[in-house]
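Work through the exercises below with the sequence and model at hand. Each task is followed by a stepwise solution.

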Amino acid sequence: MVLANWDGIEEFAMVARLGSFTAAAQAYGASVTHMSRSLARLEGRLQAQLLHRTTRSLRLTETGQIFLETCKRLIEERDEAIAAIASQGEPSGHLRITCSYALGEKFVAPIVRELSTTYPSLTVTLDLDNAVVDLIADGYDLAIRTGQLNDSRLVATRVASRALITLASPAYLSRRGRPADIEDLRRHECLVGSSAQWLFKGNATFRPQGRWRCNSGNALIEAALADMGICQVPRFYLGNHLSEGRLEPVLPDLNPEEEPIWAVYPQRRHLSPKVSAMVEALRTSLPAYLATASGLVA
């Protein structure tokens, strides 16, 4: 059912968030009676119960939980539209970003800091988490992700690329020999990271086995420098180790195609200024950061 106006929507969202009519009334700047009557009118128009009420607690009904997500998006998009007009499109408000540790800590965080400095009306939360979160359910504006994307509710803009490289130290290769092909990797010590398989040219894959595992790319590089075996990591972990000879490529002719790095955000009719500014900043700055870290820029 299409609501004729906003009456009750903000009141409902406030009560649901704070868990009581009294707290919601104080935050909203209205009386408890106003909050209760607004919610009752809203339920009447919807012909559905949104909250279970007892003398001691409130909790959302199943219908209320579904409707709350819609209400939060409506309120957010309304506020963003007003802010965009008021600031003539300048990014403002709060921007929530999720990103993996590998990309976020060293590369995305500096870009976010630069954006925050440029736009003082913008506040940012950058959550670093290797888990793939649900942007819509968890209330994120933007995610930075790699590889294949499958969620049709999201829009993706390619902002950079990530190269994978397989390598080992000269001492290890001198001791154990240099692999001639992918299958030859089975006789070697493989340093295993967070990925269950290594990727090679032509969509070829290899499932590494070894005595040493760690989900940190920096730790894999340190193990390779300690002559412990062969690893495959994103090139941005390398720094000058390759150019200065501390590590050497393994099977360089079989390096896979570069993987895209995406800025991913929920589908909306109008992209908010804060999200579009962040996407453009990533597209402008991230490739250069990655190239420098990869030892490709002097």
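Glu189 counts as partly exposed, at 21% relative accessibility; partly exposed lies between buried, under 20% relative accessible area, and exposed, over 50% (1.4 Å probe, protein chains only). This is a predicted model: local features need pLDDT of at least 70, side-chain atom pairs count only at pLDDT 80 or more, and totals for chains, interfaces and linings use all residues. Residues are numbered from 1 along each chain as its sequence is written, and side-chain values use heavy atoms, with hydrogens and water left out.

**Exercise 1.** Find which side chain meets Glu189 in a salt bridge (a side-chain nitrogen of Lys or Arg within 4 Å of a carboxyl oxygen of Asp or Glu).

*Solution.* 
- Step 1: The partner is Arg211, at 3.4 Å, N to O.
- Step 2: Arg211 is exposed, at 73% relative accessibility.
- Step 3: Glu189 sits in the loop between α7 and β8, and Arg211 in the loop between β10 and β11, so the pair ties together parts 22 residues apart in sequence. Helices (H or I, at least four residues) and strands (E, at least two) are DSSP runs, numbered from the N terminus.

**Exercise 2.** Locate the strands that Arg96 and Asp127 lie in.

*Solution.* 
- Step 1: Their side chains form a salt bridge of 3.4 Å, N to O.
- Step 2: Arg96 lies in β3 (residues 93–99) and Asp127 in β4 (residues 122–128).
- Step 3: Arg96 has a relative accessible area of 23%, and Asp127 has 24%. Arg96 is partly exposed; Asp127 is partly exposed as well.

**Exercise 3.** State how many salt bridges the structure holds.

*Solution.* 
- Step 1: The total is 13.
- Step 2: Asp7, Arg41 and Arg45 are linked in a network of them.
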